[in-house]
Amino acid sequence: MDFVQNFPAVSILLCLFAGIISSGLKKNAARFLNRILLLTELFLNGCTLGYVLRTGESYVYVMGKFPAPWGNEIRAGVLEAFIALFFCIIMLLSLEGGVKKLADEVEKEKTFLYYVLCDLLLASLLALVYTNDLFTAYVFVEINTIAACGLIMIRQNGRTIEAAARYMIMSLLGSGLLLMGLCMLYDLTGHLLMSNIKEQIAVISEMGEYRIPLLVAIALMSVGLSIKSALFPFHAWLPDAYGYSTVSSAAILSSLVSKGYIFLLLKIIYRVIGFELFCSSRITDILFLFGLMGMIFGSLSAIRENDVRRMIAFSSVAQIGYIYMGIGMGTQAGMTAAVFHILSHAATKSLLFIAAIGLTDVSDGSRQFIKLTGAAYRNKWAGVAFTIGSLSMVGVPLFSGFISKLMFAQAAVQNQMKMLPALIVLGISTILNAIYFMKTVIRIYTPVEELKYEGITFKNMKIYAAALVCFMVLNVFLGVSSQPIVDLIEQGLAMFS
Amino acid sequence: MGANLFNNYGEAVAMILFGIGFGNLLLQSNLIKKIIGLNIMDTAIYLFLAEKGYIAGRVAPIVTDGVQDMEAYINPIPSGLVLTGIVVSVSVSALMLSITIRLYQRYQTLDLDEISFRLKKEGL
């Protein structure tokens, strides 16, 4: 066994230990440890990605001494390592971009707790990405929920506590359904490891037995995970949670937490149930339908919104709808597009959140549109970043959003039944996106007569500007050189089954 | 179908309880009732697991009197899952209760809809 094969397990354990150690540290030390941890994670996951790309096949890492049907396992393939690496990058940039705001909004003696929560969140995300055991996945889903709830609540005001309560309630409904589905699947197959369950499900479905229980189990797990990732009718908690929490939390929640659940759903589709069986179960149609509804209603709510942070939050609902539409198409191309959109949305949405905070800061801290007039002249970096994020969301070529829309459209054409609704809704949604994002961009570039505020230059916000630049580069990189990444995703998905 | 339902009455009860808990967690507006719903839902899942792991005529998998025979004991894995699940559900309930206390201290009410209404009026 090569030494590199230990890295996924080590990366999860490192996060857990860092979380424990941080709980006894002072504010700056905890922040320092968190940065060291994230850089180490980048290195470890990068090495894992390099290793699996070189060998060209995934490998299974046994945790502990018990072999396959009994023990616990980690599995690393191209897609897992790539997503883990990407999550680490986004988390690092989101934290750097929001660090100044964090100091303003969170009580000093509680700041170290923020880093404890971030470390634990990263541990649970990595575990969700790498695990090969369904019950382990469930436990880390719950850790993820608790850490995310803490990230919402760490800024103390009435709104965030209420948002956290609503978030917890929705998440608990979702994880209850997920757990029930897992238990049923365990009863049907007698296994908890993904690969073993898949073998048994193949046997069961060949014999034609337990049709309905299997369908119910699949439905429970899909619905549970889609509730947790805020698919359209279950998004009531989302605007408050993203709109009022501190900005790093909003960026992390929208771009990582919900994506972690979607990635787990993808793993369940490919590694547990089997792609063909899942597509023939008609659950794809339901996900497709709700995805389409989310795309339209999320955008409509965003247009009506008068608060820029809440507007971006509602736009997340629409983007989650895109991802579920891709999954719902039930084709390989649709899945590839969905995974690409996970990346593209993660890079764009955190950029938008962090740029928006720069704009509101130079407008008396008000988030109302009317106050934002001309904000881009007062904070040039944030203005440019917000514009790039908006263009990417609308789907202008050169940016990542364009590629994902193109891929969704290509995937839709391949599916006779779903082509027309998908293309129509994609068109409508793009127009709606353009309405509310371009409205904001025009407003922030509308000149105002008197300049009451000092302009902010690069000097007094080096870290913030650097984070924004990194996000923009990432966005353009995803948009310009998409082909290698798409190849990577296709290779990874092929490795899944 | 009917006979199956009667033979597996434990699972049927678990499912009904799950529905009750789920409905309470979703629909009640009182936070404490929501948490009770959450606990009913989780307990229903444990009942389901315990019911599935039990094999009539066998005992809990703790070796006593040196009986090593596999046929003497029930399946231990569902019991392990139940234990893990209980740990998760305890921590989640504790977190929910602490959020409830915070909200009650601020707004002197447990009604989530009322709290949302007041927040809108505050216009924060």
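**The strand pair and its surroundings**

Author: In this predicted model, A:Tyr61 stands opposite A:Ile74, a residue of strand 2 of chain A. Strand 1 (residues 59-63) and strand 2 of chain A run antiparallel to each other and are joined by five bridges. Two strands count as paired if DSSP finds at least two bridges between them; strands (E, at least two residues) and helices (H or I, at least four) are DSSP runs, numbered from the N terminus. Strand 2 covers residues 72-76 of chain A, and four of its five residues are buried. Buried means 20 or more other C-beta atoms within 10 Å of the residue's own, exposed means 12 or fewer, and partly exposed lies in between, with C-beta atoms placed from the backbone.

Residues are numbered from 1 along each chain as its sequence is written, while chains are lettered from A and ligands numbered from 1 in the order in which they are written. Because the model is predicted, local features need pLDDT of at least 70 and side-chain atom pairs count only at pLDDT 80 or more, whereas totals for chains, interfaces and linings use all residues.

Chain A is assigned domain 1 (1-276) and domain 2 (282-497), with bounds from an automatic or database domain assignment. Their centres, taken over C-alpha atoms, are 22 Å apart. Domain 1 and domain 2 of chain A each put 43 residues into their contact, where contact means C-beta atoms, placed from the backbone, within 7 Å. On the domain 1 side, the elements that each supply at least two residues include helix 3 (78-97) and helix 11 (247-273) of chain A. Helix 11 of chain A gives the most to that side, with 13 residues. By class, the domain 1 side has 25 nonpolar, 13 polar and five charged residues. Ala, Val, Leu, Ile, Met, Phe, Trp, Tyr, Cys and Pro count as nonpolar, Asp, Glu, Lys and Arg as charged, and the others, Gly among them, as polar.

Chain A also meets chain B: 21 residues of chain A are in contact with 31 residues of chain B. Helix 6 (134-153) and helix 7 (158-189) of chain A each supply at least two residues of the chain A side, and helix 7 of chain A gives the most, with 15 residues. That side of chain A divides into 14 nonpolar, three polar and four charged residues. Chain B itself has five helices and zero strands.

Key:
Two residues are in contact if their C-beta atoms, placed from the backbone, lie within 7 Å.
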